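Hello,

Here is the structure we spoke about. Please open it alongside this note; what I found follows below.

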Amino acid sequence: MQPRVTAVLVARNGADYLPRTLAAIAAQTRRPDSLLLVDSSSSDSTGSLLSDFGGAVITTPGRRSFGDAIAHALQVSGGGSAENDWLWLLGHDNAPEPGALAALLGAVEVAPSVAVAGPKLMRWDAADTIAAFGETITTFGRSVQLVSDELDQAQYDVQSDLLAVAAGGMLVRRSVWVALGGFDPGLPSVDAALDFCARTRLAGHRVVGVPAARVATAGPPELFGRRSLSAGAQNRVRRAAQLHRRLAWAPTIAVPLHWLTLVPLAVLRSLVHLVAKRPGSVGGELAAGIGAAFDGSVPSARRSIRRSRVLGWPAVDAFRMSTGQVRERRAQERAAAAVAFSGHREGPGFFGGGGAWVVLVALVIGLIAFGRFLGVGALSGGGLVPLSSTVAELWSHVGYGWHDIGLGFLGAADPFAVVLAVLGSITFWSPSFSIVLLYLAALPLAALGAWWCAAAFSRRGWGPSVAAIAWALAPPFLASLAGGHLGAVIAHILLPTLVLAIVRAARSWAMAAVAALLFAAVAASAPVLVPALAVMLVAWMLARPRGIPRLLGIPIPAAALFAPLVVDQLGRGSWLALLAEPGVPVLQAAPSGWQLALGAPTGQLHGWDALLAPLGLPGLVPHVAVLVLLAPLAVLSLLSLFLPGSTRSIPILLVALLGFATAVASTHIAVTLVGSQATPIWAGAGLSLYWLGLVGGAVVALDALGSRAGVPAWVAGLALVAVAVPAVVSGSSGSTAVVESSGRLLPAFVTAEASSRPDLGTLELRAEPDGGLAVTLHRGVGTTLDEQSTLAATATELTDDDVRLAQLAGNLASRSGFDIAAELDALQIAFVVLPAPAATEEAEATQLRTAESLDGNRLLTPVGATSAGYLWAFEGLAEGEAPSGPRPTDSPWGLGILIGQGIVFGLTLLLAIPTTRRRRVRSARGSDSDESESASGEEAVDD
Amino acid sequence: MTDIEPTGDAVERDDPFVDQPDEDFRESRAPVTVRGVAIVGARVVTGAIGIGVAAAAIAVAALVPLPRVASQAPSELVVPVPTAQQLVCAGPLLRLSDESGQEATQASPIGVPELASDSSSGAVTSDPLDQSDAGSGGTDAAPRVISTPPNEADPSERILLSGAQSQSVSDGDFVGLAAADCGVASADVWLAGGATTVGRTTLLTLNNPTEVPATVDLELFGENGPIVAPGTSGIVVPPSGQRVLSLAGFAPDVESPVVHVTSAGGQVVAELQQSIVRGLVAGGAEIVGPTQSPSLETVIPGLVISGGADIEENLGLGPGFEDLQTVLRVFVPGEEPAQATIRVIPEDGVGTGTSFEFEFDAGLVQDVPIPDLADGTYTVRVDSEVPLLAAARASAASGDGTDVVWLPAAPALGEVAAVTIAPGPSPRLHLANPTTAPVTVELVGADGGDDSEVEVAAGAAVSVSVDPGASYVLSGFDRLFASVSLVDGAQIAGYVVRPPGVGSSPILIYP
């Protein structure tokens, strides 16, 4: 009996493909006996193309999947299901070659057991390339194309039994189709054919691939009727299909187990996606997992399999791809990719280009300046005090919780506490030691970072070498080190790396994640830099619109870190206070604009004024000396505008301008309060950015000078070393504010007592220049660096607790009838310490008065003069509880914030972990799209 | 359809941050083309703009006054909870022997002084110190602590407490009138007065009214400079106790002692008691209160010269009578000598004063005679560019009888002060106005004192007769010096008026 073939052509928005497809069908050597044209609610001219071709066009109500559209068409057209009735399933892009149907029929006629025959699918745009030929599944059930995108050299031209063939061009026995109920409605596109073929095999039929039948295809089934699909959406569709199959195919007993693992597996696989730099796939993965958990089509799919099954699963298992084969395929793919990516950029090498030498020089200068800290356990002075003594304490000061500052308050910790916790965890046996290490390594680290950054933009070694020297010996950096401005020091060390990461983030997810972490660290260390960095980021987004999704992610970890503090500060209405320098508030004079232009964040000129003072020269001489020594750098920077490469020199000099503006602004914003006085924000951080721009300009200029860069590089480098001489000398002679410390914050007597009672209070009374008295309450061994809070340092309104403390202090400093003993008991204050007063007559009078009344108070026993000042002890302290509140992990809010921040940072870290050469799903496109385009942008518009 | 894509960076040719071969640079070496000129021109313009922007930015930062945002440190003015105010009165004159002249190291009291006191709240309690080197602890002959409790209803009410005592003795070696105010305990006291030459006995009394022991260190200075002596440091004065020390024990045969008393722990009220015996004749007794600590402007109001003719006569009697002369005792601490202008201004503009320049050596005490002053009352002003301290000694004589008075430099009074007039003969209150504007001082009396108003011209001084034992509240001025004198024939005494204690003034706290 002659086989009767009904071709079913399903089209959806296929106007681009239909003319060729229809012509190809018409040109078949063995014409189909009938043709069902199905229009699945197209919005283009598909419908008219179909009706022009002749024959009835069946229009589906609403959008239907390929399988549903076929089912609908068969239902509408009716027709028998005789033994030799065949269905030829075609999509609008499946243009068959003239002999395709004949070859397929030839294959099925000789083997009655064959129920499904699939053609060799060729690329639409390249007829000599196999797009797909046969599908199978791995041992874990993932579907695999047996062949994809291979040049057709007849290497697969052996007709063979396959587990499955693609839907497009599939010739299927109509009776089998009807018996199996067609494609599973739960699989709208991907794996629908695979599932159908597997069921065919379970029903006792065979599936064959017919290499002689060649049908074109414009893309995989999920792209049917779509222009493109993002990698994430593609992953979602495939994963959803796989999970549907898993639930539908599994033995009944295993279904609950599979169901329970759906969401955990989705989360786990999402993390793997992050590590593999596929953040776009995370959403789809989770959606697929959750969708599968509530997939209502599974029971009917399972029923359908049960009803039609004749053979056992071994009939399918025989076709699975083994793990070894899978591994081999991957290795081949990786090797092919490595060949494709052999891009190499010429640049100076670290050892050959002088980087190693410069870092070595920075190491030596660093040791000259801070070598006296070798063997020291902690540093203090200026903005530095030791850190908490254990890592656990260090981390307990992170997040939203209780701060033992003043009488204590509930609020957000400074983001800087996280930086300190990370830093202190490096030397977990003695967290304060990490700061010593940082001081010893600061100069070489800065040199290394700057060299690395500059080398990425240079072809020769001169620019990076000068940049490294200029960055390691940057006057604002040395001033920050000398003054103990740890935040500015960390920001300075990280800035070049941050800039490099931001530049590269436009193209790489891993770099975007690295940039995000560095951005958070820099923002937390020097919040005053945030506006400038934000401007830079926006500018870079405008310059690289394609990188916007990655660049947009960069501020997220910083935002997560700052969010609680922002809420607290905005609640007070003081958003400028967000810019306050974290750490110990230090009183400092605001430098003039002229000094800032010379890179001096303090009122001094890098120590030149102090160095030249004994010579009795006029006051202008140090200015001129510094100006002359800085001139080569400034000249080189500005010269870059006159040389080729202005696309680089203009942005980098704008960065310098931004930095300068930041520095000027920070000297005009005094939000941090030190006792009775407000102190401007440390200008060092802004000046570091300013310096970055200047050095960057010089690097561009040196690079443009090419082989003539040697002399200017030497002149600039040596002049910069000379500028730093006084700062290095004062560092090595120990005349800086930062000095070695015993690690104690309070007198040893207090520390000894407080080690057994950590909530013991010590009241510090400091006579202020205006005759007032500043009060600080320390708990336990003292307020460590990580306990400092800008929220406390910028408070401009007194709380009830503050007033209570003021009452106590005021009465302690007076002859008074106040019940001091009761209040000391209530607040668990055991010590009063009176440090040296400010150097004014009023302060000394207040000091005398306070000392007299403390001396005259019979409750207090004078202990004597200590390193921290004169000390009194309240020996009659009753046992009690100091006022306290929930630690960050104790309140739901605090815990929630910590978990939220932890998740953000964990995910960013996963994304930042370097994973080389991983497989990545390229976004699917119609094969007519531009090849080069698909190579560069792995993320297209997500529909 | 899995595909492979490396995560490494693809190199984009149009990336400005990735090196481009410097084609255009080489191009500029090539023969001049229109495009080359345009490029070079554009660069020159860019560079010029860049330099301009840089110069403008620096100029704006350096020259333009930009607005500043500065937070105001929150503060709380804490008014200390008032406590009982305390003043310590000097107690009776003491002698270094018992009544029979034995036990030459044991001080013993001579009688009991007359004490007057008053508080603006009316309630004054008076208790003796518990311990005394004079063996009078707890008795009527002990120095007394007068105190007044705060107003319970309104603790912020400022209560003014004042007291003064006087004692007229004529008992063997002791003759004369001694008066003193009751003082606030302090940790830092300068005393200028007395002598330890032959016939002159000077005792240092340290009264500690507080609840904690006071550890007192003494610094002694004489006409030859600092005096180093054992036992001057670590003198413990027990709570509510009095120590009596003979100055001669530390500094024998010193004509012009100055004592600097510093205490740690409790605070003390320190005074000197001087008695003079010339030959066999008692020549006067006096209690010397603290003088103003070294300052640039020193004012001694109410220096009374009385019986000048008799003094002249007695001065002629020979050695031993020199200290009848009026002198100004000046000490310049530190290393720098002081060039001082000394002005002795007659009160009420009557009589003639004197004015002279004097250079004082640093580190030693100098007694500068002020001769030829007519009988009357004078205000002594010492102005110097180096801080110094001063006190004046004057004498009264009537026939053979003499008495001595030491007037320390008065502290400046601000706005309000209270004074109690010691019960004694013909007391007068001296008011010196150091300002350049006349003031009207209001006197509100209590305990028999009458209210009155006293005009004091700018830079002048006046005195008013007041009632013995009465108390007055002085007000209506910004800055004033005041003292009280008691003169009757060969009896003279005086003391200065001190501002109310500052221990309980409000204090600004920055939490």
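In what follows, two strands count as paired if DSSP finds at least two bridges between them. Keep in mind that this is a predicted model.

**Strand β9 of chain B**

Start with β9(B), residues 144–148. Five of its five residues are buried, so the strand is largely enclosed by the rest of the structure. B:R144, B:I146 and B:T148 point one way, and B:V145 and B:S147 point the other. Both sets are buried.

Which strands pair with β9(B)? One is β3 of chain B, residues 85–88, which runs antiparallel to β9(B) over four bridges. In that pairing B:L87 stands opposite B:I146. Another is β7 of chain B, residues 125–128, also antiparallel and also joined to β9(B) by four bridges. There B:D127 sits opposite B:V145.

**A three-strand sheet in chain B**

Next, look at an open, antiparallel sheet in chain B with the order β6-β10-β11. Its edges are β6 (114–119) and β11 (174–181). Each has a single partner strand, so one side of each has no neighbour in the sheet. The twist from one strand to the next averages 5°. Six bridges hold the antiparallel pair of β6(B) and β10 (residues 161–171). Within it, B:D118 has B:S162 of β10(B) as its bridge partner.

**B:N207**

B:N207 belongs to strand β13 of chain B, residues 200–208. Is B:N207 buried or exposed? It counts as buried, because 28 C-beta neighbours lie inside 10 Å and the cut-off for buried is 20 or more. Beyond its neighbours within four places in sequence, B:N207 contacts B:V88, B:L129, B:P143, B:Q242, B:V268 and B:V269. B:A185 is 22 residues from B:N207 in sequence, and their C-alpha atoms are 8.1 Å apart.

Most residues other than glycine have a negative phi. Two exceptions are worth a look.

A:Q828 is not a glycine, yet its phi is positive, at about 55°. A:Q828 lies in the loop between α33 (820–827) and β23 (829–834) of chain A. A:Q828 is buried, with 21 other C-beta atoms within 10 Å.

B:D253 also is not a glycine, and its phi is near 55°. B:D253 is placed in the loop between α3 (247–250) and β18 (258–265) of chain B. B:D253 counts as exposed, because it has 11 C-beta neighbours inside 10 Å.

**The annotated span in chain B**

An unreviewed UniProt entry places a "transmembrane region" at residues 44–66 of chain B. In the model, that span is 87% helix and 0% strand. The C-alpha atoms at its ends lie 32 Å apart.

**Chain A overall**

Chain A has 36 helices and 26 strands. How many of the 943 residues of chain A count as buried? The share is 57%. The radius of gyration of chain A is 37 Å, whereas a compact globule of 943 residues would have one near 30 Å. Along its principal axes, the C-alpha trace spans about 120 × 75 × 45 Å. Take the contacts in chain A with a separation of 6 or more: residues 24 or more positions apart account for 78% of them.

Best wishes

Technical notes:
Residues are numbered from 1 along each chain as its sequence is written. Chains are lettered from A and ligands numbered from 1 in the order in which they are written. This is a predicted model: local features need pLDDT of at least 70, side-chain atom pairs count only at pLDDT 80 or more; totals for chains, interfaces and linings use all residues. UniProt positions are given in the numbering used here, feature names are shortened, and annotations may be inferred rather than shown by experiment. Helices (H or I, at least four residues) and strands (E, at least two) are DSSP runs, numbered from the N terminus. A residue is buried if 20 or more other C-beta atoms lie within 10 Å of its own, exposed if 12 or fewer, and partly exposed in between; C-beta atoms are placed from the backbone. Two residues are in contact if their C-beta atoms, placed from the backbone, lie within 7 Å. The radius of gyration is taken over C-alpha atoms; the globule rule is 2.2 Å times the number of residues to the power 0.38. Axes are lines fitted to C-alpha atoms, for helices over the stretch in contact, and angles run from 0 to 180 degrees between N-to-C directions.
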